[in-house]
Amino acid sequence: MKKTISLLLVCLLLLGCVPLAAASGCIVIDKTWHILVPETPTAAETFAAEKLAGVFGEVFGEAPAIVSQAEKNYIALGAASEADVSGVADNGYRIRAIGGNVHIAGTAQRGLQIAAYRFLEEFCHRKVYTSTITVLPKSDTVFVPTNTDIVYEPFFESTDTDWKSPLDTEYSMANGLTNGARRTLSAEMGGTVDYLGGFCHTMGTLCETEKYKDTHPEYLALHDGERTTEQPCLTNPDVLRICTNNVLKILEEQHDPDAPLQIVSVTQNDNFANCQCENCKSFEAAHGGKPSASVVNFVNRIADVVKEKGYDNVAIDTFAYYYSQPAPEGIVPRDNVIIRLCSILCCFAHPLDHKACNAEFYKDLTDWAKICDRLYIWDYATDYLHTCTVFPNFHVIQKNMQIFYENNVKGMYVEGNYYMDRCDTEFGELRAYMISKCLQNPYCDLEKEAAGFCNAYYGPGGKYVHRIVKIFSKHAGSFDGHMCIYYGSAACMRPFPAVTARLVDALWKKAACAAETDEQLNNLKRSELSWRWWKASAGKCEFSFFNPLRPKEKEKLYQDILDSGAVDFGEYSGNDVRAIDRDVIRYAVPDFWRSGNETNPECQEQMKIEKMAAAFPPLFGIVAYFYTMIHA
Ligand SMILES: [Zn+2]
Ligand SMILES: [Zn+2]
């Protein structure tokens, strides 16, 4: 059930400001106003009008009427408005105050609808923080400065992230998420940018490698001297014909000519087995020696056929991923080809333009940007190996989004912890909100957005969580300062002085004391689990190797994680977390918490030392401490 939090204090403050605001040049909207639409409104105009009226109804206690005739005191929408959007890019909008009234117009499929959401956020201070937490102050009046003239053009044509709330329709509309891979936005909302036939790793299926493995092994990739179904051979003309036919079949069945953009993904399978046959090798040798050359050539030729068949609103998508990450030379993607560059190998303790660790990726990004006008990104934002631990990337979220935008990127997918229903012990909702806001506008005031989120989600103690998150970011990275998406827990935040750890503990306590509802307290406790997991991995505070109760603390942490509803501790662990050996929980660091690990020699060795440490602290505590430091 949706829950609205009323901020009465804000209303009282606003009421107190009426004469001042009116005198200083504000239009004052109240329940007597009208929402003006054309005589025969479009579906988009009707949707925007009903959205505004519905939310005004909650703000004022009474919804304003939607009319097609009004002399004064109205918010005019779409064709009824005088806001000029002739120079505004697709799916953009303009909100203008003209002659004491408000005029809102949008372009293409969703400009007007998202303008309505922007108006509610900007002037009614309505924030959709999660799928269940919307903040909407109640008031008798809403103020719009008389000089208001907001023009917005989307920074990306396709935006997407997963986590939990971003899958929600209302959250997506309010926070600018438009891709249809994970959400459904109706036609009157403006629809979505859809992938037809699959989102990723489709080449094996589209080229039917399994079907032809015995009759036509030459269709398969020749990798390390053997034909393999793991990838197709992309210079074989029959493979091109098979794949093209399958793409056309998908389009015949699923194409929507009225959609703004539809995408068919022709993307390499998730492995390193690219074809090394003579044809592929010589084609790639002629294009800078880059395997991406045969990939681009392959999808270009499919894209040409798709265009010839008249599918003007369709783009063919392919990956720049692992072996195909560097851009080719002497060949460019067609204008109806999307290159989806993946940041899977990057460091997220540093921004993507950091010269020491992300230089290779940054070069590839800028190289692709030069030859591709439809560059998309597949980005990553959690620790997929040990998802319960802290992944302190908060400080690079906005900078990276700006880097993408400034390098000609047109579409964004930020993969997060999409399995939150199996494993939600971290800052998923906070990070999802920060990412969404940056997808909507990479130059937004993200600090303010994060602070607002923390206050709504964690309660009055949210400011302490916001501070904790900043401390985590400051300590991001292993001993070498870097952090990838498959790091061990302790390596995510290695250089962490004990005094700072104790400060963080104190901040969690203060935040919990300030919580006003059980929901806020639950949110705090769940996020704190990730800090406890890290402490257990790094041997800090109550999990110190000098503490004889360390094994008991670990058992408690394990039980609290199970009680939070987690049934898995990572992306694909397939682990039955209820069946983990008790000694593994007590004497191994959490990264070893997997069923069956009691026979793992590395885990056994660590357990042996920790058992001695627990029996004879602090003497063996010192030994165990240095031992785990060396082996971490
Ligand atoms: Zn080949
Ligand atoms: Zn780094």
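Student: What covers the buried residues of H11?
Tutor: This model is predicted. Two strands are included: E19 (375-380) and E20 (409-415). The cover also includes helices H12, H13 (446-458) and H14 (462-474).

Student: Which are the buried residues of H11?
Tutor: Helix H11 covers residues 394-406. A residue counts as buried if 20 or more other C-beta atoms lie within 10 Å of its own. In H11 that gives Phe-394, Val-396, Ile-397, Gln-398, Asn-400, Met-401, Ile-403 and Phe-404.

Student: Which residue just after H11 takes a positive phi?
Tutor: Look just past the end of the helix. The phi there is about 70°, and the residue is Asn-408.

Student: Are H11 and H12 roughly parallel or roughly antiparallel?
Tutor: H12 spans residues 428-440. The axes of H11 and H12 are 9 Å apart, at an angle of about 15°. Angles under 35 degrees count as roughly parallel. So H11 and H12 are roughly parallel.

Student: How many residues of the contact of H11 with H12 are charged?
Tutor: From H11 come Phe-394, Ile-397, Gln-398 and Met-401. They meet Met-434, Ile-435, Cys-438 and Leu-439 in H12. Seven of the contact residues are nonpolar and one is polar. The number that are charged: none.

Student: Is the crossing of H17 and H18 left-handed or right-handed?
Tutor: H17 covers residues 518-538, and H18 covers 550-563. They pack at about 150°, with axes 11 Å apart. That angle makes them roughly antiparallel. The crossing is left-handed.

Student: How many residues of the contact of H17 with H18 are charged?
Tutor: H17 brings Leu-529, Arg-532, Trp-533 and Ala-536. H18 brings Lys-554, Leu-557, Asp-560 and Ile-561. Five are nonpolar and no residue is polar. The charged ones number three.

Student: Which residues is Leu-77 in contact with, leaving aside neighbours within four places in sequence?
Tutor: Contact here needs C-beta atoms within 7 Å. The partners of Leu-77 are Ile-35, Leu-36, Val-37, Glu-45, Ala-48, Ala-49, Ile-104 and Leu-112.

Methods
Residues numbered from 1 in each chain as written. Chains lettered and ligands numbered in written order. Predicted model: local features only at pLDDT ≥ 70, side-chain atom pairs only at ≥ 80, totals over all residues. Axes fitted to C-alpha atoms, helices over the stretch in contact; angles between N-to-C directions. Helix = DSSP H or I, 4+ residues; strand = E, 2+ residues; numbered from the N terminus. Parallel < 35°, antiparallel > 145°, perpendicular 65-115°, else oblique. Nonpolar A, V, L, I, M, F, W, Y, C, P; charged D, E, K, R; others polar. Left-handed = near helix turned anticlockwise from the far one by under 90°. Buried ≥ 20, exposed ≤ 12 C-beta atoms within 10 Å, placed from the backbone.
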